[in-house]
Amino acid sequence: MKKTTGVLIASAITTALAMAPMTGVHAEGDKEKCYGIAKAGQNDCKAGPGTSCAGTSTVDGQGNAWMLVLKGSCEKIVGGSLSEKS
Amino acid sequence: MLPLNKLQQLFCDALRVPGSPPPALLAELVNDGLAEKRFNIYRNNFIVLNGDALADMYPVIRQLVGEQAFRLLATRYVREHPPAERTLLLYGEAFANFLGGIPELAALPYLADVARLEYAWTDAYHAEDAAPLTQHQVAAILPDAFGRVRLVPHPALHCIRSPYPLLRIWESNQPGAPEQRISLDEGSCNVLVTRPGVEVQLQGISDAEATLLQGLQDGATVEGAVAETLQVDPEFDLAAYLGRHLFDGTFCRIRLDPSDQDRKNQPEETP
Amino acid sequence: MNEAGTTLSSVPAPVPARAGAGLKALHYQEIIERQPEIGWFEVHPENYMGRGGAPLRYLERIRQDYPLSLHSVGTSLGSHRELDRQHLKQLKSLVDRFQPGLVSEHLSWSHGYEWFTHDLLPLIYNRESLQRVIANVQQVQETLQRPILIENPSSYLQFRHSDIPEQEFLVETAKRSGAGLLLDINNVYVSCRNHGWDIEAYLAAIPGELVGEIHLAGHTVQAVEGVELLIDDHGSPVCRAVWELYRGTLERMGPIPTLIEWDSNIPPLNQLEAEVRYAGQYLESLGEVQHAAAE
């Protein structure tokens, strides 16, 4: 590196400013459309599944219910040295 | 008859444990032969409502391990890490570490990083509103003085560094994404999480860029962070980085060096 | 509505005696674009306690077109613990920002230890819990500088040492704290059926002048060892029996803002709108009946 860091920064910032479109902040776009993804709220006052056994199953490693069967898109992810362990 | 505090503590304890509720609690309930079943409704609610919040937070993890495994993991997580806040918006902060500690998941070593990325996404989604840095703010600083300023990270900013192709894993598990094979041998990835307006954005950045950003996040001056980055990668292209990221919501303000600020605030400095 | 009424009418957008709906994220965009015929919306403030971002942006936009009610699920009025001042502060700042016509909370608890159940747990009804709830309601009202409404919960179990009927507990809480009541008719139905209480007697014990809002929702019926238990899952249309109780309640109490809650198996907005319209017909026909009676 011939240039000092200070010179490098000064030249980079000048370039960056020249490259950037002089539009100011990101346009927020159409007022009616720009509120973003509507992720569901979380707290509710409804009840859950009632008399199902969701809260009673033993999944603490001592009972039979803890059988972690992976059936998802992880099958599509391969390779890597760590996976050799499995 | 138990005082209110003892009764409520007993009730809470029993929500977190499977199997029969303790006799001390059952003794407090009206016994119509269904008391245990009635209590189970509350225990189900506790597990499922909080598990649902976790499922909303971690859709990619859910996709990767499948619904059944996710529910087992969620149930265990809810019991071990019950919600610590009054809102569920950011419930599940410890899920990444939790996943890292499950022996059956050792063959999926990337899961914890995926969980970190999903948490960062939601944290950015709910982060404080702030306008990204503007050209006007930058143009107000002399180029020669720019090395001495600090760039204040936007409140929504996160950078997740992973030894795995994290962004590809995330993208290929989005709704509607085409199925594709991903090899972990594709190598490492740093995902930049920003929210310049209301939409959360993810993009990959290089190791050198992540190093620079880390330095700036830690409060280094531009000069300090650049010097550190050049040690990692002498070919680092600062102009290209600034062109891409100076105004994209990575930063929101410029903080002047304290001595510069003094001079600006006190124009009539005594000699 | 006693002394609460004067305070409530002074806020910018009072919730009208029309039918409204719980606001779901799924419907935000369509509501903004289509402006459906829904009298007002209700949200859980806890879902808007993020620091910024889209949810607050949406709520702000929708608030421009509709009156709003804040229906809290997080203060834990029945908890043995002290109320959380930080949470109350956040609630207050949402009240200041969104100027809701109504603010309400449940007669229940969710905060037992340092952690939160995020479910509305059943309260023992006795002297000790009554004192606790009254003090907590007063503290919330002092912080918010306005009266709130207390909602009757749906419940699945009873405590052996409860010695105050739920309806009396509610009325006593309201009278002694200056709060109003949010009468959830589906919850009355669910709890009375689950515990074998007398539905008519329950409703008859609620003075109309205390009621500032009514909730309606669907429930499911599950059989447990030959006994039917009703689960308040807010996942279906309001049942016939609850509509009938609603009609009777309106005839006795007069027109009251009424909310349709639909929180699981959430339908398309037009179906929710139809349910709201249906409730609206009860309110409107009541107006006609009263008008005819006046002539």
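## Close-up views of chain contacts and helix packing

**Figure 1. Interface of chain A and chain C in the predicted model.** About 2,000 Å² of area is buried between chain A and chain C, with carbon and sulfur atoms giving 51% of that area. Of the area that chain A buries against chain C, 38% is supplied by A:Tyr35, A:Asn43 and A:Cys45, more than by any other three residues. The contact joins 21 residues of chain A to 29 residues of chain C.

**Figure 2. Salt bridge between chain A and chain C.** One salt bridge is counted between these two chains. It pairs the side chain of A:Asp44 with that of C:Lys24, at an N to O distance of 3.6 Å.

**Figure 3. Interface of chain A and chain B.** Here 73 residues of chain B are in contact with 63 residues of chain A. The buried area between chain A and chain B amounts to about 5,600 Å², and carbon and sulfur atoms give 66% of this area. A:Lys39, A:Gln42 and A:Ile77 together supply 12% of the area that chain A buries against chain B, which is more than any other three residues supply.

**Figure 4. Salt bridge between chain A and chain B.** One salt bridge is found across the interface of chain A and chain B. A:Lys76 and B:Glu179 form this salt bridge, and their closest N and O atoms are 3.6 Å apart.

**Figure 5. Packing of α1(A) with α12(B) between two chains.** The crossing in which α1(A) passes α12(B) is right-handed. On α1(A), the residues in contact are A:Leu8, A:Ile9, A:Ala12, A:Ile13, A:Thr15, A:Ala16 and A:Met19, and they meet B:Leu238, B:Ala239, B:Leu242 and B:Gly243 on α12(B). By class, nine residues of this contact are nonpolar, two are polar and none is charged.

**Figure 6. Crossing of α5(C) and α6(C) within chain C.** The axes of helix α5 (residues 127–144) and helix α6 (residues 166–177) of chain C come within 9 Å and cross at roughly 40 degrees. This makes α5(C) oblique to α6(C). The crossing of α5(C) past α6(C) is right-handed. From α5(C), the contact draws on C:Arg127, C:Ser129, C:Leu130, C:Gln131, C:Val133, C:Ile134, C:Val137, C:Gln138 and C:Gln141, while α6(C) provides C:Phe169, C:Glu172, C:Thr173, C:Arg176 and C:Ser177. The contact of α5(C) with α6(C) comprises five nonpolar, six polar and three charged residues.

**Figure 7. Crossing of α3(B) and α5(B) within chain B.** Helix α3 (residues 35–57) and helix α5 (residues 67–80) of chain B pack at about 115 degrees, and their axes are 9 Å apart. With this angle, α3(B) is roughly perpendicular to α5(B). Nine of the residues in the contact of α3(B) with α5(B) are nonpolar, three are polar and three are charged.

Note on methods: Residues numbered from 1 in each chain as written. Chains lettered and ligands numbered in written order. Predicted model: local features only at pLDDT ≥ 70, side-chain atom pairs only at ≥ 80, totals over all residues. Heavy atoms only, no water. Left-handed = near helix turned anticlockwise from the far one by under 90°. Helix = DSSP H or I, 4+ residues; strand = E, 2+ residues; numbered from the N terminus. Contact = heavy atoms within 4.5 Å. Nonpolar A, V, L, I, M, F, W, Y, C, P; charged D, E, K, R; others polar. Buried area = accessible area lost by both parts, 1.4 Å probe. Salt bridge = Lys/Arg side-chain N within 4 Å of Asp/Glu carboxyl O. Axes fitted to C-alpha atoms, helices over the stretch in contact; angles between N-to-C directions. Parallel < 35°, antiparallel > 145°, perpendicular 65-115°, else oblique.
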